[in-house]
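Please open the model in your viewer and keep the selection panel at hand.

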Amino acid sequence: MKNAMDLVSAAKARVAEIPVSEADAAIREADVLIDVREESEFANGHLPGAIHASRGMLEFKLSSTPALASRDLKVVLYCKTSGRAALAAAAMQEMGYLNVKSIAGGFDGWVAAGKPVVKPELPSFG
């Protein structure tokens, strides 16, 4: 019987993973950057320009959002460390998307490399 890590390993063998050092260029060339973490994770900080589509809802969001329907879109995905993004990229490939990449190391790798993060503005009550 397979476990989650078996599924992630199989997905990583099928999808293009880019190192954090190449992520800026890949994001600039992409049509869309998708954060597949949970809403609470996204709200606590995300990559500049990212849209949110949690891993559990990704296929539904892609299918119901006309701007994301083109199978020719250049897509970069990320999650916390890269497992969910690899699974998401594999699912997108199965849906027929032709140019999907995930960021190796995910959000944690991005932060560790000192790259910028967007954090929500909290209201000032003072």
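Begin by selecting Ile34, Val36, Leu58, Val75, Leu77, Met92 and Val100, which touch the most other members of the largest nonpolar core, a set of 21 residues. Such a core joins buried Ala, Val, Leu, Ile, Met, Phe, Trp, Tyr and Cys residues through side-chain atoms within 4.5 Å; buried denotes under 20% relative accessible area, exposed over 50%, and partly exposed in between, with a 1.4 Å probe and protein chains only. Strand E2 (32–35), helix H4 (58–64), strand E4 (74–78) and helix H5 (83–94) each supply at least two residues of this core, and H5 gives the largest share, six residues. Helices (H or I, at least four residues) and strands (E, at least two) are DSSP runs numbered from the N terminus.

The model is predicted: local features require pLDDT of at least 70 and side-chain atom pairs pLDDT 80 or more, whereas totals for chains, interfaces and linings use all residues. Residues are numbered from 1 along each chain as its sequence is written, and side-chain values use heavy atoms, without hydrogens and water.

Next, select Val100: leaving aside residues up to four places away in sequence, its contacts (heavy atoms within 4.5 Å) are Ala16, Val75, Leu77, Ala89 and Met92. A second, separate core has 14 residues, including Ala30, Leu33, Tyr78 and Trp110.

Move to Glu41, in helix H3 (residues 39–43). Is Glu41 buried or partly exposed? Glu41 counts as partly exposed because its relative accessibility is 21%. Beyond residues up to four places away in sequence, Glu41 touches Lys80 and Arg84.

Finally, display Arg37, whose charged end sits over the ring of Phe107, 4.2 Å from its centre. The criterion is NZ of Lys or CZ of Arg within 6 Å of the ring centre and within 35 degrees of the ring normal. Lys115 lies over the face of Trp110, 5.6 Å from the ring centre.
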